[in-house]
Amino acid sequence: PPVHGFEVKVSRADWLTEHRTGGKKSEPWRRYCDYWWMVVPNPKIIKLEELPDGWGLLAGEKQLRTVVKPVRTLGTQPLDMEHMRTIARHSQRNQL
């Protein structure tokens, strides 16, 4: 099944920091995801023209809705053990 990656931004300032860096923060994870989503409580946090090509946008506080559907990324890599350990650590810590 496809792998979906999600990054949450809670404010416009938070998004602009990510946008200015050209997505460097998410880059280590995006290469393993078939789809990449930005998740925001309010769709006005991200102007649609700022959203990088291919990224999806989910918005909402109580119920998420798709604002922009992502495009499937070609040539994704399988998760390596280092990333699997990171996911496991965070899952255990946050009891997902």
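Student: Which residue forms a salt bridge with Arg72, and how far apart are the closest N and O atoms?

Tutor: Side chains of opposite charge can pair when their charged atoms come close. In this predicted model, Arg72 pairs with Asp34, and their closest N and O atoms are 3.6 Å apart.

Student: Is Asp34 buried or exposed?

Tutor: Asp34 has a relative accessible area of 9%, so it is buried. Arg72 is partly exposed, at 42%.

Student: How many salt bridges does the structure hold?

Tutor: There are six. One of them joins Glu50 to Arg12, with 2.7 Å between the closest N and O atoms. This pair also links distant parts of the chain: Glu50 is in the loop between β2 (35-40) and β3, while Arg12 belongs to helix α1 (residues 12-20), 38 residues apart. Glu50 is buried, with a relative accessible area of 13%, whereas Arg12, at 27%, counts as partly exposed.

Student: What about Lys9 and Glu18?

Tutor: Their side chains meet in a salt bridge at 3.8 Å, N to O. Lys9 has 2% relative accessibility and counts as buried. Glu18 is buried as well, at 3%. The cut-off for buried is under 20%.

Student: How many bridges join β3 to β4?

Tutor: Three, and the two strands run antiparallel. Within this pairing, Leu57 has Val68 of β4 as its bridge partner.

Student: What is the volume of the largest pocket, and which residues lie nearest its centre?

Tutor: Rolling a probe the size of a water molecule over the atoms shows where empty space is left. The largest pocket has a volume of about 280 Å³. Its lining has 13 residues, with Gly5, Phe6, Glu7, Trp29 and Trp36 nearest the centre. β1 gives the most to this lining, with four residues.

Student: What is the make-up of that lining by class?

Tutor: Nine of the residues lining the largest pocket are nonpolar, two are polar and two are charged.

Technical notes:
Residues numbered from 1 in each chain as written. Predicted model: local features only at pLDDT ≥ 70, side-chain atom pairs only at ≥ 80, totals over all residues. Heavy atoms only, no water. Pairing = 2+ DSSP bridges. 1 Å grid on protein atoms, 1.4 Å probe; cavity = no way out; pocket = protein on both sides within 12 Å on 5 of 7 lines; lining within 4 Å. Points joined across faces, edges and corners; volume = space filled by probe spheres on them. Nonpolar A, V, L, I, M, F, W, Y, C, P; charged D, E, K, R; others polar. Salt bridge = Lys/Arg side-chain N within 4 Å of Asp/Glu carboxyl O. Buried < 20%, exposed > 50% of the residue type's maximum accessible area, 1.4 Å probe, protein only.
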